[in-house]
Amino acid sequence: MLLEINSLSVKYGRIPALEDFSMEIKRGEIATVLGANGAGKSTLLKAILGMEKASHGKVVWEGENVTNWSPSRRIKDGLALVPEGRRILIAQTIEENLLLGAYQRDDVDAIRHEMETIYDRFPNLCERRHMQASCLSGGEQQMLAIGRALLSKPDLLMLDEPSLGLSPLFVKQLFKLLRDLNKGGLTILLVEQNTDQALALANTGYVLERGKLIISDGAQKLANDPRLHEAYLGVAAE
Ligand SMILES: Nc1ncnc2c1ncn2[C@@H]1O[C@H](COP(=O)(O)OP(=O)(O)OP(=O)(O)O)[C@@H](O)[C@H]1O
Ligand SMILES: [Mg+2]
């Protein structure tokens, strides 16, 4: 198992945001975590990376308990997160933003080579590599955020609502990119509110409701599970 989450709980003060969550991701798989606003999806990803502390439970990465590791140590060991809202440094150039992803690496030639691969994939970024990131559209900024995460050479790429605010064309490109990256061997953990597309892409799906796991199943089965829609409607109706 590449990643195992066992009974993970996270609290903000005394308020539980994630309770007793468990999941397993095999190498080469795509898993998706779904749920309405406030369900605890971002909290889960942050806890996997170590940006939020677990109040209970553990994160096991490649067989090792990493629950007390710092985020930078986890990144160095192959975990990466494309955060909600992208977090691009708009006053820095596109190239500087990309290089931030490689900040813990010193294999300069390999970094250069991977930068070129990323530029081949995203010609819009290549053309403007020396311009400020503020010149990019929302969709291009998302691609930059993904490129930056790839430069840490992850084994598991986690993405927090990457399709949010993107045009349908960019959403299509994004999902194609994720499929291509996965075909190249990358394991992916995708948080989405775009449930149909996420489940069409993923192997397994998990649904969170108010911090609790309410369903986990094969993605195809989950797509036809009436409880999935209830999870969204139930929250919306309140
Ligand atoms: N830093 C924080 N301090 C206090 N409460 C927080 C903090 N971050 C999140 N919460 C609360 O924890 C719960 C889970 O939030 P989280 O951001 O993980 O949800 P989410 O599923 O990612 O939602 P969204 O779809 O809106 O991004 C929410 O009730 C939220 O208000
Ligand atoms: Mg979120």
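This is a predicted model: local features need pLDDT of at least 70, side-chain atom pairs count only at pLDDT 80 or more; totals for chains, interfaces and linings use all residues.
Residues are numbered from 1 along each chain as its sequence is written, chains are lettered from A and ligands numbered from 1 in the order in which they are written, and side-chain values use heavy atoms, with hydrogens and water left out.

**Ligand 1**

- Ligand 1 is surrounded by 13 residues, and the closest are Gly38, Lys41, Ser42, Thr43 and Glu84 (a residue is near if one of its heavy atoms lies within 4 Å of the molecule).
- That shell splits into four nonpolar, six polar and three charged residues (Ala, Val, Leu, Ile, Met, Phe, Trp, Tyr, Cys and Pro count as nonpolar, Asp, Glu, Lys and Arg as charged, and the others, Gly among them, as polar).
- Helix H1, residues 41–49, gives the most to the shell, with three residues (helices, H or I, have at least four residues and strands, E, at least two; both are DSSP runs numbered from the N terminus).
- Polar side-chain atoms of Lys41 and Glu161 each sit by an oxygen atom of ligand 1, at 2.7 Å for Lys41 and 2.9 Å for Glu161.
- An N or O atom in the side chain of Asn37 is also 2.9 Å from an oxygen atom of the ligand (a polar contact is a pair of N or O atoms within 3.5 Å).
- On its own, ligand 1 exposes 640 Å², and the protein buries 59% of that (Shrake-Rupley method, 1.4 Å probe).

- Strands E9 (204–209) and E10 (212–218) run antiparallel, joined by six bridges (two strands pair if DSSP finds at least two bridges between them).
- Leu208 has Leu213 in E10 as its bridge partner.
- Two residues separate the strands, and Arg210 in the turn has a positive phi of about 45 degrees.

**Pockets**

- The largest pocket has a volume of about 340 Å³ (on a 1 Å grid over the protein atoms alone, a pocket is an open set of points where a 1.4 Å probe fits, with protein on both sides within 12 Å along at least five of seven lines; lining residues have an atom within 4 Å of a point; a volume is the space filled by probe spheres set on the points).
- Its lining has 14 residues, with Leu49, Ile75, Leu81, Pro83 and Arg148 closest to the centre.
- By class, that lining has ten nonpolar, two polar and two charged residues.
- The second largest pocket has a volume of about 290 Å³, and helix H4 (108–121) gives the most to its lining, with four residues.

Conventions. A polar contact is a pair of N or O atoms within 3.5 Å; within protein, one must be able to donate a hydrogen and the other to accept it, and residues adjacent in sequence count only if both atoms are side-chain atoms.
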